[in-house]
Structure formats: structure tokens, C-alpha cells
Amino acid sequence: MNTEHYELQLAEKVERLKTMMAPYTAMEPEVFTSPKSHYRMRAEFRVWHDGDDLFHIMFDKETKERVRIDQFPVASQLINNIMAEILPLIKENALLRHKLFQIDYLSTLSNKLIVSLLYHKKLTEEWIEAAKQLKTTLINKGFDLQLIGRASKTKIMLNNDYVDEILPVNGKNMIYRQVENSFTQPNAQVNIKMLEWAIDATQGATGDLLELYCGNGNFSLALAQNFERVLATEIAKPSVAAAQYNIAANQIDNVQIIRMSAEDFTQAMRGVREFKRLDGINLADYQCNTIFVDPPRSGLDDKTVQLVQEYDNILYISCNPETLCDNLSVLNATHQIKKLALFDQFPYTHHMESGVLLTRR
């Protein structure tokens, strides 16, 4: 990672996005930069054992060779700090080091951590006692952390499998519960910029908002201020539970989360099927003029694209501009781009996050 190259790689992304968007708009994208280092809030490392030594490694994507990682400037400073402290402690304890093959880290801007130790062995009561001592030692060193042990079909939590992030969004602190092994935005500083852009893009909106793929409510809660009500869907149970907690923690009373896939919800909206989990919710009561989507890298499936086209305003956040363009090739027939943004979630890689606001022609 060469921070001197940051502006060059960002300029290349801007040009690439403009080229991809050329069939749909000549608009210059708003560009939202990332910190040049310590921007990533998650990191996963394999653990390499070499005699009495052990250390973090990653594999070079091109050569497949292993690379020893003692410091990782991509990851948050908090992750770097605990990386340096935890391995010497594990190294001196046979129970903790035996058959440990991976360590996952999740950090927050609120200085909280989840550390997950992954093993190729059964985790015994003796291991639990050793892990408790490890956690106590790390807390005494100043770390506010949750420790998790994982093995085949086993997950042991000391004490929780979540941490609560606090993001300052337009001067207001938003609380977001983040669950281990569930999706969270990896670049917290850019996530804040994405939330603020989405709030700005929907200023003056009328009616209700429908959101698909809402995760832990990252966008739902921030956007709730601009709409009468928000109806949001998410399929992953841990994310739905986190979203429900976040609604209460932020004292927001106009957001309803439904545990459904976007595909199932499309069928429910069209009356193709009835779903028990919609008992007590009358979809016809919602006056949704705006739909928000933040789909996985594969983009929107054909039927969801057709559903999305039925709304006057479409706010689309994409982690893959190629599938965004595939969807735009259909959406462009009925809608036009009013706003375009590039969010540099993934510096020093070819990946980029983009956002578009489309309105009906």
C-alpha cells in the first residue's frame, strides 16, 4: 500500500465510472474519498505455525505465496494494536495456540472490538478457561473487546457476539449494533459519507420508503427522518435482530423491518404468495414513492428490477458498478439519473462503491 498513489488510483476509478455511466448520463460524479490508511474496520488473517513461533499471514492473490503480516496499515489502528498484543499471549498458552488456524477482527470507531479465534479442534472447558484469562489480560491492557471461539459447529461467546458502533451522521450520533460474522460496511468513515449523501439525495421526499437488503438498518435508520415511514426487508436473522435493536436504541418510531428476501417480498407485493411473517402488516397501507436498494455484488435479479421500476424514485447503492450498469440498461427506459456518486470504500483495489438517484422520466 503506497499512500502516495492514492490520488492516482482514485482518479482512475472516477474515469472508469464515468466511462461505464456514459450510456446513461454525462454527469460528473460526486467523489467521496477514504482515509489513506487505517480505514478498514474488519480484517481476517490465517495463523501460521512455525516451530515455537506463530504469526498472522495473508496469501498473495497472484502468486498464492504466504506473506507474514505483523502490521496491516489497511486495518484500523485498533486492529493493529491488538494484533501486536494478542499473538504473544496465545503463543505462550498451548491450549490457545494448538490448532488455531485463523483470527478475525471487527473494530469500531467507538473503540470496541470483536476477536474470533477459529480452530480445527473441539473447544473444551479447559480452552474456555484459558480464553477467559486471555480476554481478562487484554481488557487489562485497555482493550474493550468480546472474544469468540469457533470450531466445527461450535461457537463460544465471551460474553457477546456483537459490539455497538457509534457513527456521527450530520452531527448526530447513530448507534448501530454490529454482529460477528454478519455484514457491516467495512470502511466506517466512507459509510458515514454514504449515509449523509443518501440523506441529502432524498431531502424533500414525500410518502414512505421501501428498502430491500437493509442489513442491520444502516441506511433505514438514517433515512427515516426524510420519510413518513420506512418498510425494510432483510433475510439474515442476526441482521434483523440487530436492526430491531438499533431502531429502539436510536428512538426511531417509523421503521418496520420484515425478515424476507427481496425475491419473496417481490412475490408478496405482487400478490403471488401470502407469507405468515407479513401477518399484521398491510402492504397496501404504505404509500412508497421511493425505493432504496443496496444489493449484493450480483445486483438485482430481473423480477426485482421490474418491481423497482414501479417506484417514482430509486436510490441505488452498488458495490459492483458492472451489475449496476446491467440493471441501469433496463431502468434507463423508465428512469433517468439525477445524482451520481463514487464512494472510495476500497482504496488501492479496483473495487468501488457507487450511488445513483433515479427519477421517473
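**Close-up views: pockets, cavity and sheet**

**View 1. The largest pocket and its lining.** The largest pocket is lined by 35 residues, and those nearest its centre are Arg40, Met58, Lys61, Phe72 and Val74. Two or more lining residues come from each of strand 2 (42-50), strand 3 (53-59), strand 4 (66-69), strand 5 (100-107) and strand 6 (112-119). Strand 2 contributes the most, with five residues. The model is predicted: local features need pLDDT of at least 70, side-chain atom pairs count only at pLDDT 80 or more, and totals for chains, interfaces and linings use all residues. Residues are numbered from 1 along each chain as its sequence is written, and side-chain values use heavy atoms, with hydrogens and water left out. Helices (H or I, at least four residues) and strands (E, at least two) are DSSP runs, numbered from the N terminus. On a 1 Å grid over the protein atoms alone, a pocket is an open set of points with protein on both sides within 12 Å along at least five of seven lines; a cavity is a set where a 1.4 Å probe fits but cannot get out; lining residues have an atom within 4 Å of a point.

**View 2. The second largest pocket.** Its volume is about 670 Å³ (the space filled by probe spheres set on the grid points, which are joined across faces, edges and corners). Of its 40 lining residues, Phe183, Thr184, Gln185, Tyr213 and Asp294 are the closest to the centre. Strand 9 (162-169), strand 10 (172-179), helix 5 (188-201), helix 6 (218-223) and strand 12 (230-234) each supply at least two residues of this lining.

**View 3. The largest cavity.** The whole structure holds one cavity of 30 Å³ or more. The largest cavity has a volume of about 30 Å³. Among the residues lining the largest cavity are Arg177, Phe183, Asn216 and Pro238. Strand 10 and helix 7 (237-249) each give two or more residues to this lining.

**View 4. Strand 1 beside strand 16.** Three bridges join strand 1 to strand 16 (residues 335-343), and the two run parallel. Val31 has Leu342 of strand 16 as its bridge partner.

Technical notes: Pairing = 2+ DSSP bridges.
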